Amino acid sequence: MKVNLFFIVALLYSVGMNAQQPAAKHLPIIDVHVHAMKMNPAFAADMCPWFLSDMPGGDPNQPPPAFINTDCAMPLKAARSDKEFQDSLVATMKRLNMTIIASGDGGIIRNWQKAAPAGRVIPSIGISSSNEMTVVAFTDSLSAGFYKVMGEVAPQYAGLSPADTSLDAYFAAAEKLNIPVGIHMGTGGNGSININNPKYRASLGNPFLLEDLLARHPKLKVWVMHAGYPMVNEMIALMGANAYVYVDIAGMIWSYPLAEVNDYIRRLVQAGFGERILYGTDLMVWPKLLETSIGVIENANYLSFDQKRDILFNNAVRFFRLDEAQYK
Ligand SMILES: [Zn+2]
């Protein structure tokens, strides 16, 4: 009885002590690949991470394959409203001491900026075809100062190479204004062409397609989104020949089979590029995807503590020329 009382008193005392001390700050994380979009409950389905572990054969005379899978123990819930998503995003950003680079709906990005701590939402402007915006309008948008990054540039879905000359003037503007550029290369899911992207071509995700673009714009700072998955050999060759190219691991980190994801990241690190990998989620409609994806890096037993810190924070500070002190 006496012992129990002692424990209870000790417990209460320690709880009281903890309540008086502010919780230790989480080491900072920069997520370079977030999509700001309006929530649409009619289209936003729940999702099982690493759903591309099963790619059944099917038949062109049958309905196309399901893009995502919801049959698992813990599917991630899609947010039902903009407010629900924003509240969850901002709470996670505060808890994990996060900064995000967000592209997409300008109104949503502005709302996030108001709700998140100052400077923690960095706006990015995406353009994937010259039909979307004139070069003058694009240059004006960058010059106005709101947008600090260009991305996601995803010409692959439109059947274009990133080196297509129709995009060249946009890259020239980014180069002149010192704006880093993120280009989608590689991943498209299972049956992307059959489901909803008839112009998508796997071959247009080949990292080598960037070489002409880089040669034309030697001061352009490019990162390859999705790390050119699954073309790791080409990715390594491109990064070897072009010293300023980085990659992010967004999207692939939670969609392809987990062992495959880890093999891919391990291969890039093993090849010597641990300081040129950026953490990214490809966050869209599932708030808990942040924890799911960050967990892959946190739990990667093939990475040292320092390598994890490089991927989660240090590499992005260097690539985006950020003032480190502001993000700690
Ligand atoms: Zn992408």
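Visitor: What covers the buried residues of α11?
Guide: The cover includes strand β1 (29–36) and the helices α2 (82–95), α9 (252–255) and α12 (305–319). Contact requires C-beta atoms, placed from the backbone, within 7 Å of each other. Helices (H or I, at least four residues) and strands (E, at least two) are DSSP runs numbered from the N terminus. The model is predicted: local features need pLDDT of at least 70 and side-chain atom pairs pLDDT 80 or more, while totals for chains, interfaces and linings use all residues. Residues are numbered from 1 along each chain as its sequence is written.

Visitor: Which residues of helix α11 are buried, and what puts them on the same side?
Guide: In α11 (residues 289–298) they are L289, L290, S293, I294 and I297. Their arc around the axis is only 120°, so they lie on the same side of α11. The arc is that of the directions from the helix axis to the C-beta atoms.

Visitor: What makes H226 count as buried?
Guide: A residue is buried with 20 or more other C-beta atoms within 10 Å of its own, exposed with 12 or fewer, and partly exposed in between. H226 has 27 C-beta neighbours inside 10 Å and therefore counts as buried. H226 sits in the loop between β6 and α8, and its phi is positive, near 65°, although the residue is not glycine.

Visitor: Why is N97 called partly exposed?
Guide: N97 has 17 other C-beta atoms within 10 Å, so it is partly exposed. This residue is in the loop between α2 and β2 (98–104). N97 also has a positive phi, near 55°, and is not a glycine.

Visitor: How is E84 classed?
Guide: E84 is partly exposed, because 14 other C-beta atoms lie within 10 Å. E84 belongs to helix α2.

Visitor: Why are α4 and α5 called roughly parallel?
Guide: The axes of α4 (residues 135–143) and α5 (residues 168–176) cross at roughly 20° and come within 10 Å. Angles under 35 degrees count as roughly parallel, over 145 as roughly antiparallel, 65 to 115 as roughly perpendicular and the rest as oblique. The two helices are therefore roughly parallel. In the contact, V135, F138, T139 and L142 of α4 meet A169, Y170, A173 and A174 of α5. By class, these are seven nonpolar, one polar and no charged residues. Ala, Val, Leu, Ile, Met, Phe, Trp, Tyr, Cys and Pro count as nonpolar, Asp, Glu, Lys and Arg as charged, and the others, Gly among them, as polar.

Visitor: What puts the buried residues of α5 on the same side?
Guide: The buried residues are Y170, F171 and A174. They span an arc of only 95° around the axis, and so share the same side of α5. Their cover includes α4, β4 (149–153), β5 (181–184) and α7 (210–216).

Visitor: Why are α8 and α10 called roughly parallel?
Guide: Helices α8 (residues 232–241) and α10 (residues 258–273) pack at about 30°, with axes 11 Å apart. They are therefore roughly parallel to each other. Here V232, I236 and M239 of α8 meet Y264, R267, L268, A271 and F273 of α10. The contact has seven nonpolar, no polar and one charged residue.

Visitor: Where is a peptide bond cis, with omega about 5°?
Guide: The bond joining Y229 and P230 is cis at that omega. P230 is in the loop between β6 (222–225) and α8. Another cis bond runs from G151 to E152, with omega near -5°, and E152 lies in strand β4.

Methods:
Axes fitted to C-alpha atoms, helices over the stretch in contact; angles between N-to-C directions. Contact = placed C-beta atoms within 7 Å.
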